[in-house]
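User: Could you walk me through reading aromatic pairs and buried helix faces?

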Amino acid sequence: MSSNPIIRRATHADAIAFYKGDPLYSFKGYVVELNGDIAGLAGIYYEDGKPIVFSEMKDTMRPHKKAIAKTCRLIMKMVDDLGRAAYAFACPAEPTSGYLLAKLGFKPTGMVGPHGDILVRN
């Protein structure tokens, strides 16, 4: 296992490093850094005025369950602070994403978007 994960606020430079270019949307959120590399990125961006919760991680992040859980708690605090509905997509490539989103209080809307099932948390 690699060194201890560092969880901190994300910057634009972090997003560029993670995506190897500019992200599609500006966002507020957190990164998890392992050995100087951005291993995970999570936050909230806005699409058509609606807050969208997202997270992505590299395989190097997967063994760090405590850091994943802590980052989830930080993001859900951001969602709670919004004071309004937030949306998320259950990623078909991540088999447990639907389960995790349900555990975090997201419910199906019955709609499917280009990224998967659309869920909402009020």
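Analyst: We'll take the ring pairs, then the helix. Keep in mind that this is a predicted model, where local features need pLDDT of at least 70, side-chain atom pairs count only at pLDDT 80 or more, and totals for chains, interfaces and linings use all residues. Residues are numbered from 1 along each chain as its sequence is written, and side-chain values use heavy atoms, leaving out hydrogens and water.

User: How many aromatic pairs does the structure hold?

Analyst: Rings of Phe, Tyr and Trp (its six-membered ring) pair if their centres lie within 6.5 Å; planes under 30 degrees apart are stacked, over 60 edge-to-face, and the rest tilted. Here there are four aromatic pairs. Phe-18 and Tyr-19 have ring centres 5.1 Å apart and planes at 90 degrees, so they are edge-to-face. For Tyr-25 and Tyr-45, the centres are 4.5 Å apart and the planes at 15 degrees, so that pair is stacked. Ring pairs also join Tyr-25, Phe-27, Tyr-45 and Phe-54 into a cluster.

User: Is Tyr-45 buried or exposed?

Analyst: Buried means under 20% relative accessible area, exposed over 50%, and partly exposed in between (1.4 Å probe, protein chains only). Tyr-45 is buried at 9%, while Tyr-25 is partly exposed at 35%.

User: Which residues of H1 are buried?

Analyst: Helices (H or I, at least four residues) and strands (E, at least two) are DSSP runs, numbered from the N terminus. In H1, the buried residues are Asp-14, Ala-15 and Phe-18. They span an arc of only 100 degrees around the axis (using directions from the helix axis to the C-beta atoms), which puts them on the same side of H1.
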